[in-house]
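Visitor: Please put the sequence and the structure up. I would like to go through them with you.

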Amino acid sequence: MSKAQDPFYIVKEEIQESIDKLQSSFHQWERILPDTGEQVHLTKELLANCESIEWQVDELNKTIDVAARDPSWYGINDRELESRRRWTTTARTQVEDVKKSVVARKENGNSASAMRRELMKLPISHQSDRSYQYSAEDNDDFIASESDRQMLLIKQQDEELDELSASVERIGGVGLTIHEELLAQEKIIDDLGTEMDSTTNRLDFVQKKVAMVMKKASAKGQIMMILFLLVLFIILFILVFLT
């Protein structure tokens with residue numbers, strides 16, 4: 001089976017595209033100021049995407065384990081199995097690295113937020129006068145600009161989630177197809193085994209009958225039977241190979 005037809009490489013390509021999008025979103029997330037609405041929303045999306053990709057990699061590992069039980073049946077060898085396992089390990093490591101970075105920054109952000117809330121409890125005389133340097137109009141402009149940017153980001157993220165959902169559905173369809181194919185092949189093997197058993201029993205029966213006839217026949221009768229079978233073989237040979 002070529003790589004273009006192998007379900008593993010179809011699913012692998014889907015997962016790799018999801019990982020590339022995850023890393024792109026992660027780099028964008030790193031440039032966002034902490035404790036903003038955009039940063040919080042993107043953090044939730046990154047963690048959700050990490051969970052989804054990890055699930056896909058786990059499912060792909062299960063198919064590798066199934067193929068490892070009888071590699072020759074699926075037309076692959078131990079080297080190919082090892083290559084596939086290395087790729088899934090690398091993919092999981094990439095996702096875990098992103099997940100750890102996001103979780104670490106999220107925890108640090110929570111600590112910083114708690115500290116700021118404590119500082120807000122201090123008397124006004126201890127706060128910096130710089131907080132009053134911005135006019136209400138500047139604040140309104142900033143809030144409006146931030147709101148527009150967040151709405152655009154949410155729209156883009158919704159589109160990415162739709163694409164991810166479609167990818168998960170395709171992967172599920174491929175997995176179901178593999179399962180149905182395995183069941184069909186198992187049935188074919190069972191039917192073949194049954195036919196072989198039946199053929200063996202018939203052959204044993206014929207051999208016993210021939211042995212019984214040979215035993216009952218006299219020496220002359222045996223010679224005549226051998227000659228008859230020889231003539232019959234010659235006739236069949238001529239009909240099959242010379243006509």
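Predicted model: local features only at pLDDT ≥ 70, side-chain atom pairs only at ≥ 80, totals over all residues.

Visitor: In what order do the elements of the chain run from the N terminus on?

Guide: Helices (H or I, at least four residues) and strands (E, at least two) are DSSP runs, numbered from the N terminus. The chain has five helices and zero strands. From the N terminus, the order is α-α-α-α-α.

Visitor: What share of the residues in the chain is buried?

Guide: Buried means under 20% relative accessible area, exposed over 50%, and partly exposed in between (1.4 Å probe, protein chains only). The areas come from the Shrake-Rupley method. The chain has 243 residues, and the buried share is 21%.

Visitor: How far apart are the end C-alpha atoms of helix H1?

Guide: The expected span of a helix is 1.5 Å times one less than its number of residues. Helix H1 (residues 7-30) has 24 residues, so it should span 34 Å. The model agrees, with its end C-alpha atoms apart by 35 Å.

Visitor: How many salt bridges are there in the count?

Guide: A salt bridge is a side-chain nitrogen of Lys or Arg within 4 Å of a carboxyl oxygen of Asp or Glu. By this rule, the count is 10.

Visitor: Which residue meets Lys99 in a salt bridge at 3.6 Å, N to O?

Guide: The partner of Lys99 is Glu54. This pair joins distant parts of the chain, with Lys99 in helix H3 (residues 78-120) and Glu54 in helix H2 (residues 37-69), 45 residues apart. Lys99 is partly exposed because its relative accessibility is 23%.

Visitor: Which residues are linked with Lys99 in a network of salt bridges?

Guide: The pair of Lys99 and Glu54 belongs here. The residues linked with Lys99 in the network are Glu51 and Glu54.

Visitor: What is the N to O distance between the side chains of Arg92 and Asp58?

Guide: Their side chains meet in a salt bridge at 2.1 Å. The pair bridges distant parts of the chain: Arg92 is in helix H3 and Asp58 in helix H2, 34 residues apart. Both count as partly exposed, Arg92 at 23% and Asp58 at 34%. The N to O distance is 2.1 Å.

Visitor: Is Glu38 buried or exposed?

Guide: Glu38 sits in helix H2. Its C-alpha atom is separated by 7.6 Å from that of Leu153, 115 residues apart along the chain. At 7% relative accessibility, Glu38 counts as buried.

Visitor: Which residues form the negative surface patch?

Guide: Patches are made of residues with over 30% relative accessible area and no salt bridge, like charges being joined within 9 Å and nonpolar side chains (Val, Leu, Ile, Met, Phe, Trp, Tyr) within 5 Å. Asp and Glu count as negative. Asp162, in helix H4 (residues 136-216), is exposed at 55%. The patch is formed by Asp158, Glu159, Glu160 and Asp162.

Terms used
Residues numbered from 1 in each chain as written. Heavy atoms only, no water. Areas by Shrake-Rupley, 256 points an atom, 1.4 Å probe, with all protein chains shown as cover. Charge placed at Lys NZ, Arg CZ, Asp CG, Glu CD.
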